[in-house]
Amino acid sequence: MNPPSSKPSLTGAPEYDVIIVGGGPVGLLLGCLLKQQGQRIRVLERRTEPITQSAAIGITPPSLQILDKLGLASAFIRSGVQVRDCFVHGQRGKLGCVSFREIPDERRFILSLPQAATIALLQKHLGQEFIESGCEVTYVRQQGGYCEVEGGGRRLTARFVVACDGSRSAVRSLLGMRAPGRSYDCHFVMGDFVDRSGLGDEAHLFFTAEGSVESFPMPGGLRRWVVQTDTRMDHPPPGLVSRLTRQRTGFSVAAADQLNESVFTPRKFNCDRYYDGRIIFCGDAAHGMSPIGGQGMNTGFADAEFLAEILTRSEPLELLAAYNRCRRRAVKAAIFRAEWGMWLGTWRGRGRSVLRDFILKYVFCRGPIARRMGAFYAMLTIPFNTLKRVPASRLRPRTLDSAS
Ligand SMILES: Cc1cc2nc3c(=O)[nH]c(=O)nc-3n(C[C@H](O)[C@H](O)[C@H](O)COP(=O)(O)OP(=O)(O)OC[C@H]3O[C@@H](n4cnc5c(N)ncnc54)[C@H](O)[C@@H]3O)c2cc1C
């Protein structure tokens, strides 16, 4: 398929079916799904270089099902590490294990793959000719049956614009869309290290009175360590992750083995509406949740799948209300889970740690709830997490609201 012409045509038919603002993982996945359906698309991305900041690594089974539609799941699986067990540690050692070995899905693991590798695979599949790099969108407007977008000194037109431009969405600000939410009062520093821990492909969560430590395997012989800190540390002292890891877990992680570092203070927000007429929000542009729990990108992937289905139907405007309802409900569930897990995991002090150990051991690692924890963390129990779980009745045009 040839890339469409970029000549502006303000009076004729729009040049594109869909312009996607933002070539992060969600925008690229949406582009791939729409291109597969023969839609004329363009992804506008302000970056010219690959991301260097380390972010998402966990890809859940529902996301792999979406990648299956593109024939991409095997390439992802070949590039990543399959995590089948997540061990939970308390004050006095191992409390139990959340296992993905019996989850109700054909892929019984969480795939660990750095976000930069996810982006690279999606970019390659989409084709560079559909992506305009170095194009920062500064203006979006809709009139009549189409939208105008300005970026990189050019004006383009499309039937729909999808904002996939991340949590600080410029499109959201241009439209004055509300994104109510707040930052949490807990802070983390994480680093990816050459892995000499001997933990193989296991994930480990350590909950101590001094703060939590999370540890995940990564491809290429690397391992991520995430430590909770007392305050936000924009400039952490050298070797902080390795020192706190050693103090809290006993694992000796050499500072010299650290390849990168990120600091984050989780926050949550959920847009009141995921669309305004023909301009639609998807991924982190629509919602944000604590990265603890690894759901943000996966939630965005599910948004993209839903939206791609709607935008390729004959009556997309009427179906945007269903997108809004179903995805906001799924996002609320994901935000609640991430928040709840982080709340329990970040308790500090001896008394609270003893209580947490008891809850984790007897409620989450043993007994009837324990058997469901794998499916829970694999995001198999989020409502409407893939289109397969959305009843067909919900995808019939029902509500003609402001989109029409
Ligand atoms: C520490 C950390 C760990 C995480 N771990 C996980 C995990 O394990 N699993 C998981 O599912 N999620 C995880 N997340 C969340 C995940 O990183 C995000 O949910 C994901 O990046 C969202 O993708 P996106 O494409 O919606 O937005 P982004 O990744 O933010 O991409 C937005 C893109 O839009 C571009 N852009 C912005 N403004 C403009 C503009 N005006 N014009 C053109 N382009 C623009 C940006 O350059 C960027 O490329 C983690 C996040 C953090 C911080």
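Predicted model: local features only at pLDDT ≥ 70, side-chain atom pairs only at ≥ 80, totals over all residues.
Residues are numbered from 1 along each chain as its sequence is written.

Let's start with the domains. The protein splits into domain 1 (16–83 + 105–182 + 269–350 + 373–390) and domain 2 (187–265), with bounds that come from an automatic or database domain assignment. Their C-alpha centres are 27 Å apart. Where they meet, 17 residues of domain 1 are in contact with 18 residues of domain 2; contact here means C-beta atoms, placed from the backbone, within 7 Å. On the domain 1 side, strand S4 (residues 81–83) brings the largest share, three residues. That side has six nonpolar, nine polar and two charged residues. For these classes, Ala, Val, Leu, Ile, Met, Phe, Trp, Tyr, Cys and Pro are nonpolar, Asp, Glu, Lys and Arg are charged, and the others, Gly among them, are polar. Helices (H or I, at least four residues) and strands (E, at least two) are DSSP runs, numbered from the N terminus.

Now to the inside. Which residues touch the most other members of the largest nonpolar core? They are Leu30, Val161, Val162, Ala163, Ile280, Cys282 and Leu307, in a core of 115 residues. Helix H8 (residues 316–345) is the top contributor, giving 13 residues. By nonpolar core I mean buried Ala, Val, Leu, Ile, Met, Phe, Trp, Tyr and Cys residues joined through C-beta atoms within 7 Å. A residue is buried with 20 or more other C-beta atoms within 10 Å of its own, exposed with 12 or fewer, and partly exposed in between, with C-beta atoms placed from the backbone. If you click on Val162, look for its contacts beyond four places in sequence: Val18, Ile20, Leu30, Ile280, Cys282 and Leu307.

Next, the ligand. It is surrounded by 35 residues, and the closest are Gly22, Gly24, Gly166, Gly283 and Gly296; the cut-off is a C-beta atom, placed from the backbone, within 6 Å. Helix H7 (296–311) is among the elements that supply at least two residues of this shell, and H7 gives the most, with four. By class, the shell has 14 nonpolar, 15 polar and six charged residues. Domain 1 and domain 2 both contribute residues to the shell, so the shell lies between them.

On to the strands. Strand S5 (residues 85–90) and strand S6 (residues 93–99) run antiparallel and are joined by six bridges; strands count as paired if DSSP finds at least two bridges between them. A hairpin of two residues links S5 to S6, and Asp85 has Ser99 in S6 as its bridge partner. S5 also pairs with strand S14 (residues 203–208), in the parallel sense, over four bridges.

Last stop, Arg366. Is Arg366 buried or partly exposed? It is partly exposed, with 13 other C-beta atoms within 10 Å. Arg366 sits in the loop between helix H9 (350–364) and helix H10 (367–377). Its contacts beyond four places in sequence are Gly96 and Lys361. Arg366 and Cys97 are 269 residues apart in sequence, but 9.0 Å apart in space, C-alpha to C-alpha.

Definitions and conventions:
Contact = placed C-beta atoms within 7 Å.
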